[in-house]
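User: Hi, I'd like to go through a protein model with you and ask a few quick things as we look at it. Could you bring it up?

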Amino acid sequence: MRRMRSLTALLALWAGLLGITGVGPAAHAEPRAPLAAGLHIANGRLLEGNGNDFVMRGVNHAHTWYPGETQSLGDIKALGANTVRVVLSNGHRWTRNSPEDVASIIAQCKADRLICVLEVHDTTGYGEEAAAASLDQAADYWIGLKSVLAGQEDYVVINIGNEPWGNTDPEGWTAPTVAAVQKLRGAGFQHTLMVDAPNWGQDWQGVMRANAQTVYKADTTGNLIFSIHMYSVYDTAQEITGYLNVFVDAKLPLLIGEFGGPADQWGDPDENTMMATAERLRLGYLAWSWSGNTDPILDMTVDFDPARLTDWGKRVFNGPDGIAATSREATVYGGGSGAACSVGYRVVGEWSGGFQGEMAIRNTGTAPVSGWNACATGQALASK
C-alpha cells in the first residue's frame, strides 16, 4: 500500500543514506544452520532446501477481498512469475480467511508451480491506523493455522504482517517485531519468516535499516527476510540503491515486497531503478498489484483479465528487468538445469565503472560432483 511522504521523510531518508543511521557495511549477519530443509536463509540469501539460490519475481494478489478470483494464480504464473504474495485477513478488519481457505490457496499455488508468500493485511499502519491489528494478533492467527502450514516449508513464506507500523513513533516497530518472530519460533514454526518495515512499509525514517541486525539475531534459526515497500518515497536512483545496498553489504536478506511505478499526487516512483537494481543484486521483487485496487492506477490487469494488461502490468511483466525476462521457476517444481549443484551469486562491492561479485557453488546431491565447471556454468546461466 502507498502512503504520502513529507519533507521530513525525505530529510530522514537522506540522512540514513549518508550514514547517520543504518546497519552499516561493516556489520554482518551471523550465518546459522536452517532449522528446516525448506526455503531458508544462508549468507544473506534466500535458498531452497537443496541450496539453490531463489530470487522472487512476482506480484501481489488481493485474495481476501476477491476470494472468487483464484484463477488469477494460474494467470500470474502463465505470465512468467515464480512467486505470488497473497493478501489474507485474520478477521480483525476484514473477513477472516479460514484454515480451509488458506490450505486451498497453498494447494493452488503448488498446482500452479508458484512459491506462496502469505501475509496478514490487518496490521497495516498500526499505531497510526486505529483499526489496525497488532503483530501479536497476527502471530496468533498464524499459530491457529499451524496444522495447515506445517510441512509446507518448501513452498510457503510467512509474511507476519503487512506494513505493521505507521508513521507515529516508528521506533516502536522493533520490539513487537522481535516478539512476533520469537512467538512463532516458540510455537515450532520452521518456515522462512518475512517482516515488513514501519512507515507504512517504506522505512523512510530508517528504523528497520537501523535495527535489522537486532531483529535478525533474535530469530533462533536465522531464517528471516526483510521486506521494504517502495512507492513515492523512492523516486531517485540514489535513494533506491542506497537503501538496498546497505542490506546487501551487511549480508542481511532483503526483498522489495511491494512497489509501484505510476506517478501520483505524492511523487513518481523510480520503478526502472528498483527493478534494475533488484536484478543486479539478485534481490526479489513483488509488484503491487494484480487487480482490484481502489486506485486502479496500480492495477496490472483490467478486471483480473490477463489478456488486458494495463501499462503498469506491461511494464512489470514484459519491460526491461521485468518478470518475463528475469524470473526462474523454483527447483522444487523442476525449474533450473537439474544438475546436482547450485550456484549463488551476489554483488559484494561496486564502484564507478565496475563491481566485485561473489559466487558460491554447492553440491546439492548425495554423490561427489565431477566436472563442476560445466555444472556451475549451466546453473549460472540459468540464474541470469
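Analyst: Before we start, one term: pLDDT is the predictor's confidence in each residue, on a scale from 0 to 100. We need it here because this is a predicted model.

User: What is the average pLDDT of the protein?

Analyst: The average is 86, and 78% of the residues score at least 70.

User: And where does pLDDT stay under 50?

Analyst: Residues 362-367 are one such stretch, and for them the model has 17 contacts beyond four places in sequence. Residues 342-346 also stay under 50, and there the model has 36 contacts of that kind.

User: OK, let's move to the strands. Is β3 enclosed or exposed?

Analyst: Strand β3 covers residues 57-61, and five of its five residues are buried, so the rest of the structure largely encloses this strand.

User: Which strands does β3 pair with?

Analyst: Among them are β10, which runs parallel to β3 and is joined to it by three bridges, and β4 (residues 83-88), which pairs with β3 in the parallel sense over four bridges.

User: Which residues stand opposite Val59?

Analyst: In β10 the residue opposite Val59 is Ala287, while in β4 Val59 stands opposite Val84.

User: What kind of unit do β3, α2 and β4 make?

Analyst: Together, β3, helix α2 (residues 71-78) and β4 form a β-α-β unit that is right-handed.

User: New topic: which residues in the largest nonpolar core touch the most other members?

Analyst: That core has 94 residues, and the ones touching the most other members are Leu118, Trp142, Ile160, Phe226, Ile228 and Met230. As background, nonpolar side chains in soluble globular proteins tend to be buried together.

User: What does Met230 touch?

Analyst: Leaving aside residues up to four places away in sequence, Met230 touches Gln202, Ile240, Tyr243, Leu244, Ile256, Glu258, Phe259, Gly260 and Met274.

User: Glu258 is in that list. Which network of salt bridges links Glu258 to other residues?

Analyst: Glu258 is linked with Arg85, Glu119 and Asp196 in a network of salt bridges.

User: How many salt bridges does the count come to?

Analyst: The count comes to twelve. One of them is between the side chains of Glu329 and Lys77, at 2.8 Å from N to O. Glu329 lies in the loop between α11 (323-326) and β13 (341-351) and Lys77 lies in helix α2, so this pair ties together parts that are 252 residues apart in sequence.

User: Are those two buried or partly exposed?

Analyst: Lys77 is buried, because its relative accessible area is 19% and the limit for buried is under 20%. Glu329 has a relative accessible area of 21%, and therefore counts as partly exposed.

User: What else forms a salt bridge with Glu329?

Analyst: Arg113 does, with the closest N and O atoms 2.8 Å apart. This pair also links distant parts of the chain, since Arg113 sits in the loop between α3 (99-111) and β5 (115-120) and Glu329 in the loop between α11 and β13, 216 residues apart. Arg113 is partly exposed, at 36% relative accessibility.

User: How exposed are Arg308 and Asp303?

Analyst: Arg308 is partly exposed, with a relative accessible area of 40%, whereas Asp303 is exposed at 61%. Their side chains meet in a salt bridge, at 4.0 Å from N to O.

User: Which residues have a positive phi, then, without being glycine?

Analyst: Asn43 is one of them, with phi near 55°, and Lys251 is another, with phi of about 55°. Asn43 is placed in the loop between β1 (40-42) and β2 (45-47), and Lys251 is in the loop between α8 (237-249) and β9 (254-259).

User: And how accessible are Asn43 and Lys251?

Analyst: Asn43 has 31% relative accessibility and so counts as partly exposed, and Lys251, at 22%, also counts as partly exposed.

How values were computed: Residues are numbered from 1 along each chain as its sequence is written. This is a predicted model: local features need pLDDT of at least 70, side-chain atom pairs count only at pLDDT 80 or more; totals for chains, interfaces and linings use all residues. Side-chain values use heavy atoms; hydrogens and water are left out. Helices (H or I, at least four residues) and strands (E, at least two) are DSSP runs, numbered from the N terminus. Buried means under 20% relative accessible area, exposed over 50%, partly exposed in between (1.4 Å probe, protein chains only). Contact means heavy atoms within 4.5 Å. Two strands pair if DSSP finds at least two bridges between them. A crossover is right-handed if, with the strands pointing away from the viewer, the path from the first strand over the helix to the second runs clockwise. A nonpolar core is a set of buried Ala, Val, Leu, Ile, Met, Phe, Trp, Tyr and Cys residues joined through side-chain atoms within 4.5 Å.
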